[in-house]
Amino acid sequence: MAAPLYRPVCSRLVGICLLLGALWEIRAEQIRYSVPEELEKGSFVGDIAKDLGLEPPELAERGVRIVSRGRTQLFALSPRSGSLVTAGRIDREELCDRSPTCVVSLEVLLEDKVKIFGVEVEIIDVNDNAPNFGTEQREIKVAENESPGARFPLPEAFDPDVGVNSLQGYQLSSNAYFSLDVQNGADGIKYPELVLERALDREEEAVHHLVLTAFDGGDLARSGTTRIQVTLVDTNDNAPLFTQPEYHVSVRENVPVGSRILTVKATDPDEGANGEVTYSFRKVRDKISQLFHLNSVTGDITILEGLDYEDSGSYDIDVEAHDGPGLRARSKVLVTVLDVNDNAPEVTVTSLASSIQETSSPGTVIALFNVHDSDSGENGLVTCSIPNNLPFTLEKTYGNYYRLLTHRALDREEVSEYNITVMATDHGTPPLSTETHISLKVADINDNPPAFPHASYSAYLPENNPRGASFLSITAQDPDSIENARVTYSLAEGTLQGEPLSSYVSINSDTGVLYALRSFDYEQVRDLQLLVTASDSGDPPLSSNVSLSLFVLDQNDNAPEILYPAIPTDGSTGVELAPRSAEPGYLVTKVVAVDRDSGQNAWLSYRLLKASEPGLFAVGLHTGEVRTARALLDRDALKQSLVVAVQDHGQPPLSATVTLTVAVADSIPDVLADLGNLEPSADPDDSSLTLYLVVAVAAVSCVFLAFVIVLLALRLRRWHMSRLLQAPGDGLEGLPASHFVGVDGVQAFLQTYSHEVSLTAGSRKSHLIFPQPNYADTLISQESYEKKDFLSAPQSLLEDKKEIFSQQAPPNTDWRFSQAQRPGTSGSQNGDETGTWPNNQFDTEMLQAMILASASEAADGSSTLGAGAGTMGLSARYGPQFTLQHVPDYRQNVYIPGSNATLTNAAGKRDGKAPAGGNGNKKKSGKKEKK
């Protein structure tokens with residue numbers, strides 16, 4: 001039995017020992033510091049390294065840090081000194097309010113041992129706050145009959161500091177009526193009270209100003225103050241008192257009703273209702289109450305009805321004043337009425353004319369009126385007058401009647417309406433007067449014609465103006481009124497170049513705006529002289545005229561015209577001679593041109609646009625003289641082709657070109673002999689070649705057209721099938737672009753007209769794309785340009801089907817000839833990389849004519865190809881692709897019989913040079929003329 005009793009006792013002893021050990025360890029790990037508030041950041045709090053048994057460097061090595069618990073850290077560890085320092089300014093009142101003790105707890109973690117040390121920092125209060133009343137001024141109301149010894153509570157001050165730094169007491173500024181008594185409450189708070197020491201008199205001093213001071217007990221004592229305003233509440237201990245025992249006032253009999261004639265005043269030194277004084281009549285009589293009114297609050301005596309000196313000359317009025325509780329005072333008012341001129345004259349208009357014509361003769365009666373004054377004696381005598389600057393006069397007739405007359409002629413254009421003021425004045429002192437206004441309008445007659453502000457007008461209009469353009473607005477003023485002033489405008493009749501002026505210019509009859517009815521040409525009409533008439537609508541109407549000069553301004557709308565060399569009518573080109581022995585500067589010929597424009601638009605300049613032999617000839621900039629630039633050599637060709645451009649100085653500038661052919665020979669027979677050697681070739685192979693080319697072109701065209709029709713039918717059938725399938729989820733179905741492989745030039749032709757057809761089933765729409773022929777960098781004649789493309793018919797058919805067309809992409813460069821594949825001398829030229837095959841009968845016939853005619857120029861080594869207007873060169877027209885391997889290259893010098901065009905390649909166009917005039921080489925050969 002002893003064993004079971006022993007075991008519980010032993011276990012309890014062991015538990016007590018363990019608890020004591022834990023408490024001893026906890027106590028051993030608790031560190032306490034104290035620090036005053038309001039220290040700067042980084043101020044020393046305690047040597048935490050020493051208290052932890054560590055050296056300062058070991059703090060970082062062993063991971064010593066302050067554990068934050070979600071509040072602002074007030075302290076920090078200094079790794080250099082190993083001290084606990086403040087992390088910022090500490091305000092004890094903010095942390096602990098008015099608690100007697102303020103302790104901040106924090107934990108320091110030793111990471112290497114995973115051990116926590118508790119640190120308590122006591123914040124010591126300093127006297128950093130002064131007592132504060134919370135308000136700068138407090139008002140206390142005290143009745144003036146309050147007995148001495150009465151107490152009145154005063155506001156308490158508050159000091160957030162604790163201990164001796166808190167509020168210690170109050171002081172009151174010195175005063176003869178009040179003293180201060182401080183009561184200590186059960187909670188230890190001091191309550192100040194104001195004690196009345198002697199009787200008060202509000203009439204002697206209504207307000208007492210005191211200063212209450214609260215102070216604390218710190219080393220440097222602080223204090224706070226507030227102002228106490230003691231306001232005395234009045235009691236009714238004084239009766240009202242009038243400022244005068246009797247009031248005297250004199251008023252004129254004509255004083256207006258409602259006028260204030262006198263103010264009685266009684267004072268009461270009391271306050272509030274005790275000092276509020278009201279006034280009233282005493283012993284009220286009916287006559288007094290009907291004539292006068294006394295304001296019970298202000299004491300003003302006013303007139304209720306008009307006073308009449310003839311009725312009564314004076315009035316005796318008794319008044320009374322009393323305050324709120326009922327204390328009263330009495331006084332008397334004596335009113336004396338003065339006789340004055342209180343009636344103004346009255347004017348009565350008996351007869352009046354509201355208007356008068358401006359042609360009325362002087363002495364015309366305008367109005368008749370009567371004057372009357374109710375006063376008597378001198379005050380009833382009246383004199384009438386009107387302003388002297390008016391063309392009217394007054395004439396007195398029977399009794400007090402007056403007439404208003406005109407004394408000179410009137411002019412409505414000077415003054416259209418008169419406001420006549422008739423002044424009637426009596427002879428009283430002071431005199432009274434009455435103004436009567438008479439309004440008189442002057443009726444207008446048509447006595448003024450319309451007048452233009454200028455004696456003549458000039459207007460300027462650029463030529464080529466749009467029809468109906470306005471160029472000037474003319475306005476005439478008529479000083480008359482209404483219909484007499486309504487002006488209409490017209491143009492005087494006249495002719496210009498056999499046509500009436502009304503076909504050139506018109507004018508708006510109401511506004512006076514002039515319009516050009518046609519587009520003027522400066523070269524035909526340079527100026528117009530017009531006469532504008534302005535007429536009013538009076539009876540009879542008056543009018544006036546003004547001259548208008550319309551000048552047409554020149555525009556640069558005419559290109560220079562070349563007078564020499566004249567273009568031959570037979571299509572050939574004139575030939576100028578230049579001897580081979582000509583020295584530099586030799587005058588070969590002169591280009592003469594004129595411009596129908598004027599001024600700067602007609603200033604011409606000449607320049608050499610193109611020459612078969614660059615550097616051989618030069619053209620004078622302003623003279624147009626063609627001279628040799630160097631000596632002629634034997635290697636220089638017999639014929640030299642020159643393109644001269646003539647340009648004016650307008651904006652934009654316009655130009656014209658002419659082609660000159662210069663024959664280099666010492667005499668005309670030599671020239672004829674050389675030209676006679678250039679006979680056309682009679683080789684039958686040329687005709688066969690032309691025939692082959694025509695047949696090839698026709699065959700390829702037919703094959704291509706048939707292919708397009710078949711392809712179109714297939715595409716339409718597939719589109720119709722896709723419509724029947726109605727498959728919205730299908731993707732885009734398309735056919736790739738067709739590619740055709742031809743031989744030589746046919747290959748280029750088919751590539752140029754390659755097309756693409758694509759169909760989309762999902763969108764329920766089809767897209768069929770037909771490109772237009774690629775004419776890039778090619779010269780096209782006007783006839784071939786105006787012809788419709790053979791694809792226009794299928795395209796219109798597709799428009800009926802509501803198909804959507806788009807433009808074709810540029811041709812694939814793989815279809816083009818390489819530079820090495822081009823035969824002849826043209827293969828070495830930098831020709832255009834794109835071209836087209838002739839697509840109509842006209843171009844085919846022209847091609848045949850070119851090839852046949854080129855034989856006649858085969859022997860000539862110099863090129864006569866010029867970039868002239870209407871040039872149909874093979875290279876420029878059809879591109880390098882047209883060159884066939886079995887066809888000789890004759891493009892260097894081809895002449896078309898019966899045409900003034902000279903073939904050329906596309907180099908001129910590519911170089912940006914303007915086309916030359918349409919003058920070809922004039923042939924002297926008899927055989928050529930027969931052809």
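View 1. Residues are numbered from 1 along each chain as its sequence is written. Because this is a predicted model, local features need pLDDT of at least 70 and side-chain atom pairs count only at pLDDT 80 or more, while totals for chains, interfaces and linings use all residues; side-chain values use heavy atoms, with hydrogens and water left out.

View 2. Of the 931 residues in the protein, 42% are buried, meaning under 20% relative accessible area with a 1.4 Å probe, protein chains only. The protein exposes about 49,800 Å², and 52% of that comes from carbon and sulfur atoms; accessible areas come from the Shrake-Rupley method with a 1.4 Å probe. Take contacts (heavy atoms within 4.5 Å) between residues at least 6 apart in sequence: 69% of them join residues at least 24 apart.

**View 3. The sheet that contains β1.** Here you can follow four strands in the order β1-β7-β6-β3, forming an open sheet with mixed pairing; two strands pair if DSSP finds at least two bridges between them. At the edges lie β1 (30-36) and β3 (64-67), each pairing on one side only. Neighbouring strands are turned by 30° against each other on average, direction ignored, with axes fitted as lines to C-alpha atoms and angles running from 0 to 180 degrees between N-to-C directions.

**View 4. A close look at β6 and β7.** Eight bridges link β6 (residues 103-110) to β7 (residues 115-124) in the antiparallel sense. To find your place, look for Glu 107, which stands opposite Gly 118 in β7.

**View 5. The sheet that contains β17.** Three strands in the order β17-β21-β20 make an open sheet with antiparallel pairing. Since β17 (260-263) and β20 (292-294) each have a single partner strand, one side of each is left without a neighbour in the sheet. Three bridges join β20 to β21 (residues 300-303), and Phe 292 has Ile 303 in β21 as its bridge partner.

**View 6. Confidence along the chain.** Mean pLDDT (the predictor's confidence in each residue, from 0 to 100) is 74, and 71% of the residues reach 70 or more. Over residues 678-682 pLDDT is below 50, and this stretch has 13 contacts beyond near neighbours in sequence. Residues 851-931 stay under 50 too, with 212 contacts beyond four places in sequence.

How values were computed. Helices (H or I, at least four residues) and strands (E, at least two) are DSSP runs, numbered from the N terminus. Buried means under 20% relative accessible area, exposed over 50%, partly exposed in between (1.4 Å probe, protein chains only).
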